[in-house]
Amino acid sequence: MLETINLNLLNEFDFVEVYDKSNYGNENELFLYKIKSTIESNINDRNFNYDSFALKLDVSKSTLHRKINKLTGLTPCELIASYRIKLAMQMLTNDMYNISEIAYKVGFNDPKYFSRCFRNQSGLNPKKYRESVLLKREKSNYLDHSRLHNEKPISQILKIMQKILKQIRTELSQ
């Protein structure tokens, strides 16, 4: 049965799943920490790939693959891509950068490939994801503003207007 990693060291990897919790120990925690810090320090490097990942961790590619797969159920390439997409999701919550700039900043060489990977992981393309996040933020800000100023949301205003119209119709029909 899959269990989500619940380590303070890897709170950014909350999407990673663990296959065998009994394998958790200081050695695995340390290895996961090294993985996380290696990915973080190379996230902008478009040339950072499976080969350079193994080289930076000073392990063979087969050992890297075996260990990452055992701990997360992902391949090293999938793990790097997932981390990049997660960072892109954070960057898409504001409109400081356009989508192509974000793709390059998180280490993708091609914005179209980035969009395809993003859609595969999140279910939305980056533009739709940004729009949905910004729309949710606007709604939240509007509701917060309404509460602060004791204003009623539009749905409540419409209900009140319908009641008033109903009263007017009743009075006119009498």
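1. In this predicted model, D51 counts as partly exposed, because its relative accessibility is 42%. The side chain of D51 meets that of K61 in a salt bridge, with an N to O distance of 2.8 Å. K61 belongs to helix α3 (residues 61–72) and D51 to helix α2 (residues 50–57), so the pair ties together parts that are ten residues apart in sequence. K61, at 39% relative accessibility, counts as partly exposed.

2. How many salt bridges does the structure hold? There are two. Besides the pair of K61 and D51, E40 forms a salt bridge with K36, and the closest N and O atoms of that pair are 3.0 Å apart. Both E40 and K36 lie in helix α1 (residues 26–42), where four residues, about one turn of the helix, separate them. The burial of these two residues should be read separately: K36 is buried, since its relative accessible area is 10% and the limit for buried is under 20%. E40 counts as partly exposed, at 34% relative accessibility.

3. The overall layout may now be set out. The chain contains eight helices and two strands. Along the sequence, these elements follow the pattern β-β-α-α-α-α-α-α-α-α. The chain has 174 residues, of which 30% count as buried. Among contacts in the chain with a separation of 6 or more, 51% are accounted for by residues 24 or more positions apart.

4. Two packed helices are described by the angle between their axes and the distance between the axes. For α1 and α2, the axes come within 11 Å and cross at roughly 125 degrees. That angle makes α1 oblique to α2, and the crossing of the two helices is right-handed. On the α1 side, K34, I35, T38, I39 and N42 take part, and they meet F53, K56 and L57 in α2. By class, this contact of α1 with α2 comprises four nonpolar, two polar and two charged residues.

5. How are α1 and α3 oriented to each other? They pack at an angle of about 110 degrees, with their axes 11 Å apart. The two helices are therefore roughly perpendicular to each other, as the range for that description is 65 to 115 degrees. The contact is made by E27, N28, F31, L32 and I35 of α1, together with L64, K67, I68, L71 and T72 of α3. Six nonpolar, two polar and two charged residues make up the contact of α1 with α3.

6. A further partner of α1 is helix α4 (residues 76–91), and the axes of α1 and α4 come within 11 Å and cross at roughly 60 degrees. This makes α1 oblique to α4, and the crossing is right-handed. From α1, the residues of the contact are I35, I39, E40 and N42; from α4, they are L79, I80, Y83 and R84. The residues of this contact of α1 with α4 comprise five nonpolar, one polar and two charged.

7. The backbone at D58 calls for a comment. Most residues other than glycine have a negative phi. D58 is not a glycine, yet its phi is positive, at about 60 degrees. Where is D58 found? It lies in the loop between α2 and α3. Its relative accessible area is 71%, so D58 is exposed.

8. The last point concerns R130, which is placed in helix α7 (residues 126–148). Is R130 buried or exposed? R130 is buried, as its relative accessible area is 11%. Leaving aside residues up to four places away in sequence, R130 touches M91, L92, N94, D95, Y97, N98, I99 and I102. The C-alpha atoms of R130 and M89 are separated by 8.2 Å, although the two residues are 41 residues apart along the chain.

Notes: Residues numbered from 1 in each chain as written. Predicted model: local features only at pLDDT ≥ 70, side-chain atom pairs only at ≥ 80, totals over all residues. Heavy atoms only, no water. Salt bridge = Lys/Arg side-chain N within 4 Å of Asp/Glu carboxyl O. Buried < 20%, exposed > 50% of the residue type's maximum accessible area, 1.4 Å probe, protein only. Axes fitted to C-alpha atoms, helices over the stretch in contact; angles between N-to-C directions. Parallel < 35°, antiparallel > 145°, perpendicular 65-115°, else oblique. Left-handed = near helix turned anticlockwise from the far one by under 90°. Contact = heavy atoms within 4.5 Å. Nonpolar A, V, L, I, M, F, W, Y, C, P; charged D, E, K, R; others polar.
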